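This briefing is meant for a reader who is meeting the structure for the first time.

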Amino acid sequence: MKLICENLDQIKDIAKKILSKYSLERKFLFFGDLGAGKTTLIKELSLQLGVLDTVSSPTFSIVNEYASEKYGKIYHFDFYRLKNEYEAFDLGCEEYFLSNNYCFVEWPEKVTSFLNENMLKINIIVKSNTRIIEILN
């Protein structure tokens, strides 16, 4: 699936399409350069799932936990600052990934040992002011 986002007004519809098409998925891996819009898309996905908390990048905390009345706990990871996979292991990311909770993961390439082929891969490519969102499953 490929989606085009030319402005932020479209992000709400894009998030709805993703959650509708992949309604059974719970693990989402986000790939893209710094500033590509990974956190922005995760924020909108979280809002669509009923999160009332403030959604922000967990760059320094590594993981943020949000609450959804309908879906329970939702986890948002940002592994950009990890020095190695042992830090993710110490955090217990394997347990998060084995749960049935939603997990949105930025910089998953830093924790490849904990990933599996069933996780939904979302690649965001920036061309000029347009985001191309490719979803691979």
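**Helix H1 and its surroundings**

In this predicted model, helix H1 spans residues 11–21, and its buried residues are Ile-11, Ile-14, Ala-15, Ile-18 and Leu-19. Seen down the axis of H1, these buried residues fall within an arc of 130 degrees, so they line one face of the helix.

- The face of H1 that is turned away from the buried side carries Ser-20 and Lys-21, which are exposed.
- The partners against which the buried residues of H1 pack include helix H2 (38–48), along with strands such as E1 (2–5), E2 (27–31) and E5 (102–106).
- Strand E6 (120–127) and strand E7 (130–136) are also among the elements that the buried residues of H1 pack against.

**The sheet**

- Seven strands form an open sheet with mixed pairing, and their order is E1-E7-E6-E2-E5-E4-E3.
- The edge strands of this sheet are E1 and strand E3 (63–68), each of which pairs on one side only.
- From one strand to the next, the twist averages 20 degrees.
- Strands E2 and E5 run parallel and are joined by four bridges, and Leu-29 stands opposite Val-105 in E5.

**Helices on the sheet**

- H1 packs on the sheet, where it touches E1, E2, E5, E6 and E7, and the direction of H1 makes about 165 degrees with that of E1.
- H2 packs on the sheet as well, touching E2, E3, strand E4 (72–78), E5, E6 and E7, and the direction of H2 makes about 170 degrees with that of E5.

Terms used. Residues are numbered from 1 along each chain as its sequence is written. This is a predicted model: local features need pLDDT of at least 70, side-chain atom pairs count only at pLDDT 80 or more; totals for chains, interfaces and linings use all residues. Side-chain values use heavy atoms; hydrogens and water are left out. Buried means under 20% relative accessible area, exposed over 50%, partly exposed in between (1.4 Å probe, protein chains only). Helices (H or I, at least four residues) and strands (E, at least two) are DSSP runs, numbered from the N terminus. The arc is that of the directions from the helix axis to the C-beta atoms. Contact means heavy atoms within 4.5 Å. Two strands pair if DSSP finds at least two bridges between them. Axes are lines fitted to C-alpha atoms, for helices over the stretch in contact, and angles run from 0 to 180 degrees between N-to-C directions.
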